[in-house]
Amino acid sequence: HCSEPVPLIFDTDIGNDVDDVLALGMIHALQDRGECQLLAVTVTKDHPLAGPFVDVVNTFYGRGDIPIGVCGPS
């Protein structure tokens, strides 16, 4: 166990499969244990619901204030 939480920015293409959702849940569990600090999430999936979905997951874990960056239309 680290003495200081590892600062973390999670870059994800969250959208049509479950791996990124599970990874985000794991990050929240690690933060609960004091092992990391999720500073922000960046979303590279160009879908209008990808960012709001990340916000729902973060809010579920009690961290609805984490900044979320999303990509714009290409």
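Colleague: Why is Glu35 called partly exposed?

Modeller: In this predicted model, Glu35 has a relative accessibility of 21%. Buried requires a value under 20% and exposed a value over 50%, with partly exposed in between; Glu35 at 21% is therefore partly exposed.

Colleague: What makes the contact of Arg33 and Glu35 a salt bridge?

Modeller: The N to O distance is 2.8 Å. The criterion is a side-chain nitrogen of Lys or Arg within 4 Å of a carboxyl oxygen of Asp or Glu, so the pair Arg33 and Glu35 qualifies at 2.8 Å. As to cover, Arg33 counts as exposed, because its relative accessibility is 57% and the cut-off is over 50%.

Colleague: How many salt bridges does the structure hold?

Modeller: There are 2 salt bridges. One of them joins Asp32 to Arg63, with the closest N and O atoms 2.6 Å apart. This pair links distant parts of the chain, 31 residues apart: Asp32 belongs to helix 1, while Arg63 lies in the loop between helix 2 (50–60) and strand 3 (68–70).

Colleague: Is Arg63 buried or exposed?

Modeller: Arg63 has a relative accessible area of 12%, so it is buried, the limit being under 20%.

Colleague: Which residues form the patch of negative charge on the surface?

Modeller: Asp11, Asp13, Asp17 and Asp19 gather there. Asp19 is found in helix 1 (residues 19–32). Its relative accessibility is 45%, so Asp19 counts as partly exposed; patch members need over 30%.

How values were computed:
Residues numbered from 1 in each chain as written. Predicted model: local features only at pLDDT ≥ 70, side-chain atom pairs only at ≥ 80, totals over all residues. Heavy atoms only, no water. Patch = residues over 30% accessible without salt bridge, like charges linked within 9 Å, V, L, I, M, F, W, Y side chains within 5 Å. Areas by Shrake-Rupley, 256 points an atom, 1.4 Å probe, with all protein chains shown as cover. Lys, Arg positive; Asp, Glu negative; His and termini not counted. Charge placed at Lys NZ, Arg CZ, Asp CG, Glu CD. Helix = DSSP H or I, 4+ residues; strand = E, 2+ residues; numbered from the N terminus. Buried < 20%, exposed > 50% of the residue type's maximum accessible area, 1.4 Å probe, protein only.
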